[in-house]
Amino acid sequence: MEFDENKAVDAINNALTAAGRAPYPDDEILNIVDMIWDYYEENGLLELDWDDDDEEVTADEIIGYVTRMLKKDKGANVSIDDLPIIIKAELEYEESLEDL
C-alpha cells in the first residue's frame, strides 16, 4: 500500500484528539511529515539497499530532529509538546502500510 498524505493527516489528528489535544490544520501536519521524511533522507533511510535490520530508527531520534527543525521554522504553529503524539502516530500509520 502507498503512503497517502490525507490518511496520514487523519491518523495524526485522530491520535491528537484521542489524547485530548486539539487537531492541527493539514498544512501544519504535512510540514511535520515532511520533516520526518527529511530525517529519513538525511540518514540514508530511503535508500533502496537499506534493510530494516541494518538500523533501528527510534521515535525519540525523530522527535529530537523534528524539534530542532520546528524551532527553526518561524512560520510553524505546532506545539513542541504535541510532537511525540504526532510522530508516533505518523510512524504507526507507516507501519500499518506494511501490514497490508
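This is a predicted model: local features need pLDDT of at least 70, side-chain atom pairs count only at pLDDT 80 or more; totals for chains, interfaces and linings use all residues.
Me: Which helix supplies the largest share of the negative patch?
Reply: Two helices, H3 (59-72) and H4 (83-98), each contribute at least two residues to the patch. The largest share amounts to three residues, and the helix that provides them is H4.

Me: Which residue forms a salt bridge with Arg 21?
Reply: A search of the whole structure finds one salt bridge. Its closest N and O atoms are 2.5 Å apart, and the partner of Arg 21 is Asp 82.

Me: How many residues apart are Arg 21 and Asp 82?
Reply: Arg 21 is in the loop between H1 and helix H2 (26-42), whereas Asp 82 is in the loop between H3 and H4. The pair therefore links distant parts of the chain, and the separation is 61 residues.

Me: Is Asp 82 buried or exposed?
Reply: Arg 21, at 35% relative accessibility, counts as partly exposed. Asp 82 has a relative accessible area of 3%. Buried means under 20%, so Asp 82 is classed as buried.

Me: What is the distance from the backbone nitrogen of Tyr 24 to a polar atom of the side chain of Asn 13?
Reply: Asn 13 is placed in helix H1 (residues 5-18) and is buried, with a relative accessible area of 11%. From a polar atom of its side chain to the backbone nitrogen of Tyr 24, the distance is 2.8 Å.

Terms used:
Residues are numbered from 1 along each chain as its sequence is written. Side-chain values use heavy atoms; hydrogens and water are left out. Helices (H or I, at least four residues) and strands (E, at least two) are DSSP runs, numbered from the N terminus. Buried means under 20% relative accessible area, exposed over 50%, partly exposed in between (1.4 Å probe, protein chains only). A polar contact is a pair of N or O atoms within 3.5 Å; within protein, one must be able to donate a hydrogen and the other to accept it, and residues adjacent in sequence count only if both atoms are side-chain atoms. A salt bridge is a side-chain nitrogen of Lys or Arg within 4 Å of a carboxyl oxygen of Asp or Glu.
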